[in-house]
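Reader: I'd like to learn how to read features off a model like this one. Could we go through some together?

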Amino acid sequence: MLLLTVVAFFLFAMPIVMLAVGAIRDATPGRPAQWSFDAFRRAYGDAGTYSVLGDSVLLALGVMVISTVTGLLLAFIVARTDTPLRRLVTPSMMLVIALPPLFYGISWAMLGNPRIGTINSFWQDLTGSETPLWDTYSWSGIVVVTSLKSTAFAYFLLLGPLMAMNRSLEEASRVFGAGRLRTFLRIDVPLLGPSLLGVCILSFVAGLEFFDVPLLLGTPAGIDVFATEIFSQIRDRTPADYGAAGALSLLLAVVVVALVVLQWRILGSRDFTTVTGKNDRTDRWSIGRWRWAGTLLIVGYVTLAVALPLAQLVAGSFQPYLGGGVYSTINYQLLFSEPATTAALRTTAIVAFVGGLCAILMTLLISYAITHSRSRLRRALEVMTWLPFAMPGIILALGIAWLFVSIPGLRSLYGSLGIVVIGLMISAVPLATRAVQPALRQVGRELEESARVSGARPVRMFFSIVVPLIAPSLLAGWFLVAILVSGNLTIPMLLSTTDSATVPLVVYNLHSQGETSQAAALFVILLGALLALFVVGSLTVWLISRSNRRRRDRTRPEAPSADQVTMTRPIPAASEAGRSTSGADVAAEPSAAVPGGLPTVVKSSGFRREP
């Protein structure tokens, strides 16, 4: 526990500490400096900082409202109604979560370009109007595109509570004359109080943390949020103002952590029990004509979040330039002829494989220590592993950069592939925890104790009992983390160089240089590789699960048939037998059905069962 705590403190807490240290130094990382608060004066003495902060809050509020309301409606439709196409929602939401935020930034930049975007070109050809239908390089574009991604998280957080809710409360409301809508607003929504509060806070935090979409859609329009402002302090200043970037990062980090703590405090003191020991009905509502409104909502969301962006990305990758009417494979030919493209693909594959594996292994060790130790350090260990979840990616990357540049022995790693892998692993550990911890909690302690009693050492017991039982969850978590790591832009943006650039960074550079069609083609290649990885991972997990089931079936003892089981007389009570009838004292008489008359140990259940 002590070793794991030290490692976790270095990986998860030290980047935040180094942010605070860097904010009060008057020099760049790794150089001699004096303590000073000039960075805070530069950052917070500028009136533009508060304007950016207000814009960030407005973006977060817009994302919170849209994603929470849309996620709640879709979750209610799937869990409680008989709306057609409801089975399409959950797979689509899984795809939305797996798609990187950069996917939405690139595709909607192509769809909503005010001059040559697909949507606006179609609208102008249809109506003859010279004004665009919708410019995604605007506040409305940033809010809507960001909300499409956040809605999937809100949906999954609300789907479980809605499916578990007791229907009898709604029945009582209906008996007393309330309609479906009033029942939903007066019964269902209040009972979902804890879940809705949690979703609102997480959606607000996500709105504050989003970087990819505001960078691609907001920066060209002169719209800055806190995350892009921190990035501009480093990339757009000569020399880079690391102190001001650290000072701004600390404010955002404090706000995010405060919101998470507020959620814990509010929900920890309230009781929202809706599932009891009484009979719970799970009937679906028949909502009549509202079924078609629900179907329209499903079709609209799936079209905007999946179908339209994906179709635009694929179609745009075959155009020589955005808006060009001729389709060809020239973009793919140019990409594969560039050594930088093949190097980026190779780097991304290494990062996804190694980073995902390291994140799962680290999570496995930490989760096993947390669930099997009674040490006081386990609480600190658990809190530290969740710190990256509460930190925006750009802040986490800045803290890691400060940490490695400030330590002489680790300074040589800055800009290398190693620090990119470490940064992506740190950012992925909270997600990997969601895949590993539930699987560990399902393994009974008696299995591990039996191995120890039989003489197995802890290491052998761990790899012979625990790891095989949770292998499907480990593999599924590994593949999921690899998919998300390969699409991460924020960590490579600050930690990589041209020699260690990943595909998302190359895509962003191509888009910034006006080569949007080539950027789309490269992203299509990445999505194809991720799809192949998902198929291989799903097949592997299915084969391992099937092998485990067959192994359990072969080793499971067969139940004796009816003619082999005889019930003998009841075991006399202790008062009648004159002695205790504990499990250790009660033994069966030698059985005639077993060669050699082997005794059968009997538990104090009142009857003795003999083969």
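Predicted model: local features only at pLDDT ≥ 70, side-chain atom pairs only at ≥ 80, totals over all residues.

Reader: What is a cavity here, and what volume does the largest cavity have?

Author: Rolling a probe the size of a water molecule over the atoms shows where empty space is left. On a 1 Å grid over the protein atoms alone, a cavity is a set of points where a 1.4 Å probe fits but cannot get out, and lining residues have an atom within 4 Å of a point. Grid points are joined across faces, edges and corners, and the volume is the space filled by probe spheres set on the points. Here the largest cavity comes to about 40 Å³.

Reader: Which element gives the most to the lining of the largest cavity?

Author: That's helix 16, with four residues. Helix 16 (339-372), helix 17 (377-385) and helix 20 (417-441) each give two or more residues to this lining. Helices here are DSSP runs (H or I, at least four residues), numbered from the N terminus. Among the lining residues are Ile 366, Glu 382 and Trp 386.

Reader: Which residue forms a salt bridge with Glu 382?

Author: Side chains of opposite charge can pair when their charged atoms come close. The cut-off is a side-chain nitrogen of Lys or Arg within 4 Å of a carboxyl oxygen of Asp or Glu. Arg 379 is the partner of Glu 382, with the closest N and O atoms 3.4 Å apart. The two are three residues apart in helix 17, so about one helical turn separates them.

Reader: How far apart in sequence are the parts that Asp 82 and Arg 291 tie together?

Author: In that salt bridge the closest N and O atoms are 3.6 Å apart. Asp 82 sits in the loop between helix 3 and helix 4, and Arg 291 in helix 14 (residues 290-317), so the pair ties together parts 209 residues apart in sequence.

Reader: What is the phi of Leu 85?

Author: Most residues other than glycine have a negative phi. Leu 85 has a positive phi of about 70 degrees, though it is not a glycine. Leu 85 is in the loop between helix 3 and helix 4 (89-98).

How values were computed. Residues numbered from 1 in each chain as written. Heavy atoms only, no water. 1 Å grid on protein atoms, 1.4 Å probe; cavity = no way out; pocket = protein on both sides within 12 Å on 5 of 7 lines; lining within 4 Å.
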